[in-house]
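Visitor: I am new to protein models and would like to be walked through one. Could we go step by step?

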Amino acid sequence: MKQFIIAILLTCMSAGAQVQKLSQLSSGKFIDSAVIMEEEGDDVFGYCLLYEKDRQSREVFQLEYVVLDKNLNKLTSISLVQAAFKTWMARTYTELSFVKKIGNRLIISVNDQLQNVNAYDLISDFNYRYINLNLDDFTFSKEYKFESFTKKEFEYKAGYKMNFEDFWDLQKLTKTNSQYLLAFATPEYNPKAAAISNPLNFDFRRQKSVKRFAILNRDLKEVWAKDINTDGKTACKYEYLDSDPNILLLKKVTMIKKEGLETKSVVAYDIKTGELLGEAKFNDKIYDINLSRATVTKDKIYFFMNAYDQKEKSKGYMQLTYSRQPFTEVNRVQMLWKNLTPAIPGTTEFGKLDDGTTLLAQDFIVTPKGNVLLVLEAYSIKTPVTFGNNPKVFAELKNMYLVEFDQQGNIAYNKTIEKDNTVQVPNGLSIIGMRNYGYFDYKYDQKLNKNGDFALYYRINDREGSRRAVTKKPLWTLGIISNVDGQYGEEKLPLYGENLKIYPSLAKNGYVRLLEVNEKTDEAEMRLEKINY
């Protein structure tokens, strides 16, 4: 489950909520879920739930896939005998990678994952395998894997023993926001054992030995392909960045002094034909900039950059806007820390606040007007507390700030959301890792319609209700900020109770999905709450 757990205790059940008890869908153990988007990505099609059943041997068991529509009604399910990699060296578990709808077909991907990932792990997710579901007659395919750009079907029996050769050279399929899939070739330098002094450098060496990528149709037939890294001097790590039905963006990642990775350019292709549309090379006369993320809209592409001074200190962010045809820069907006003082008084030029906390961008949201809403959260890392040989690290999560910039760099809107939470984080996890793994209070944003209206979701610690109720059961709140027809609105969904963890996630337009898991019984239910935008 990739969404961050809201450590709360039960939700107020609204009278009109749509509810599905997960134990009634399968006799197996619920282990994961994934959202299925419509092909154009403007609404939710449904959900895929994954259960583990009937373990036949240490590595062989049944996985049951249950598919729901967007109203939580069951469409179909299937149980398949599959295998996962197990080793005494590390604990692993199985999870859903993605579920992609292309026409009348669902492509469902699962992988194995290391239980405790740290900076020295060369791989965290692996052993990618897939099944297809025909939405017309609800028939499923056999499990298959992808290697050397070839589809290979698999079947397993009790006692099967998986080894490195079974998954080491497998290719990972990546879903795009189109009717296609993306696959990179297996690295040519891919040793199973090597003397490694610098894991980051070793992995970069592997990735820059990838010589080819291809766009595939739903039958995994090649639509077009490109050779990459043909020159060893300029070889780099290519990664999927973003796409839509017409364009594909790939990051070109380089290494800095064998200590870190940065993206200094992005290559754009016509996703249907493979035509090279251009390359965005990121530089600035004053600041050292590298890519944070990108957003593709109907007429433009927005690149959001981290900005640093010559001493590698953060100066804030920048927005680079590109036209699609021709693929060229048409605007640049500074969203530096010094530009935020009218909205966030006391902000220093390095993103510090008067209370000692530091600002970090959680999201960049392009509004229907073409402005950019910068979502910031203030944090501080407390001194580790040591219990025996197990140091515990805590992060204090303070206020969240919304600052909207127009395309001239002026502040068009700002809002401060007061809060104060403390969370425990894994020892050694970086601040960016905290954001990527969902430890901050900000959760996600969601487009509400084709007009670009949106809502964003976050955790807040308001205490509400009677004094007796608050005293007996600590209450948390899911905060919701919406932008509809250019107007901002705010709503709070109270969450409280006993022994539950709740995972908020995408739902059909106008709703939020809440997955509730009882920590004592492992019982889980999924429900939809209507939001008044």
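Guide: What follows is a set of questions and answers on this predicted model.

Visitor: What is the mean pLDDT of the chain?

Guide: The pLDDT is the predictor's confidence in each residue, from 0 to 100. In this chain, 90% of the residues reach 70 or more. The mean over the chain is 87.

Visitor: Over which residues is the pLDDT below 50, with 19 contacts beyond near neighbours in sequence?

Guide: Residues 1–16 have a pLDDT below 50, but that stretch has 65 contacts beyond near neighbours in sequence. Where pLDDT is low, the predicted coordinates should not be read in detail. The stretch with 19 such contacts, also with pLDDT below 50, is residues 462–475.

Visitor: Which residue in E5 is the bridge partner of Val-66?

Guide: Strand E4 covers residues 60–69 and runs antiparallel to E5. Nine bridges join E4 and E5. In E5, the partner of Val-66 is Ser-77.

Visitor: What is the relative accessible area of Asp-54?

Guide: Asp-54 sits in the loop between strand E3 (44–53) and E4. It is not a glycine, yet its phi is positive, about 45°. Most residues other than glycine have a negative phi. Exposed means over 50%, and Asp-54 is exposed, with a relative accessible area of 52%.

Visitor: Does Phe-138 count as buried, exposed or partly exposed, and which value of relative accessibility decides this?

Guide: Phe-138 lies in the loop between strand E8 (125–134) and strand E9 (143–147). Its phi is near 60°, a positive value in a residue other than glycine. Buried means under 20%, exposed over 50%, and partly exposed in between. Phe-138 is partly exposed, with a relative accessibility of 33%.

Visitor: Why is one side of E15 and of E18 left without a neighbour in the sheet?

Guide: E15-E16-E17-E18 is the order of four strands in an open sheet with antiparallel pairing. Neighbouring strands of this sheet are turned by 30° against each other on average, direction ignored. Strand E15 (237–243) and strand E18 (276–281) stand at the edges, so one side of each has no neighbour in the sheet: each has a single partner strand.

Visitor: Which residue of E18 is the bridge partner of Ala-268?

Guide: Strand E17 (residues 260–270) pairs with E18 in the antiparallel sense. Five bridges make up this pairing. In E18, the partner of Ala-268 is Gly-278.

Visitor: At about what angle does helix H1 run to E16?

Guide: Helix H1 spans residues 199–207 and lies across E15, strand E16 (247–256) and E17. The angle of H1 to E16 is about 140°.

Visitor: Which residue in E27 stands opposite Phe-405?

Guide: E26 and strand E27 (residues 411–417) run antiparallel, joined by six bridges. The two strands form a hairpin with five residues between them, and Gly-409 in the turn has a positive phi of about 90°. Opposite Phe-405 stands Ile-411.

Visitor: What is the angle between the ring planes of Tyr-302 and Phe-304?

Guide: Tyr-302 and Phe-304 are both buried. Their rings are 6.4 Å apart, centre to centre. The pair is stacked, and stacked requires planes under 30 degrees apart. The angle between these planes is 10°.

Visitor: Which proline is joined to Gln-325 by a cis peptide bond?

Guide: Most peptide bonds are trans. In this one, omega is about -5°. The proline lies in the loop between strand E21 (314–323) and E22, and is Pro-326.

Technical notes: Residues are numbered from 1 along each chain as its sequence is written. This is a predicted model: local features need pLDDT of at least 70, side-chain atom pairs count only at pLDDT 80 or more; totals for chains, interfaces and linings use all residues. Side-chain values use heavy atoms; hydrogens and water are left out. Two strands pair if DSSP finds at least two bridges between them. Contact means heavy atoms within 4.5 Å. Rings of Phe, Tyr and Trp (its six-membered ring) pair if their centres lie within 6.5 Å; planes under 30 degrees apart count as stacked, over 60 as edge-to-face and the rest as tilted. Buried means under 20% relative accessible area, exposed over 50%, partly exposed in between (1.4 Å probe, protein chains only). Axes are lines fitted to C-alpha atoms, for helices over the stretch in contact, and angles run from 0 to 180 degrees between N-to-C directions.
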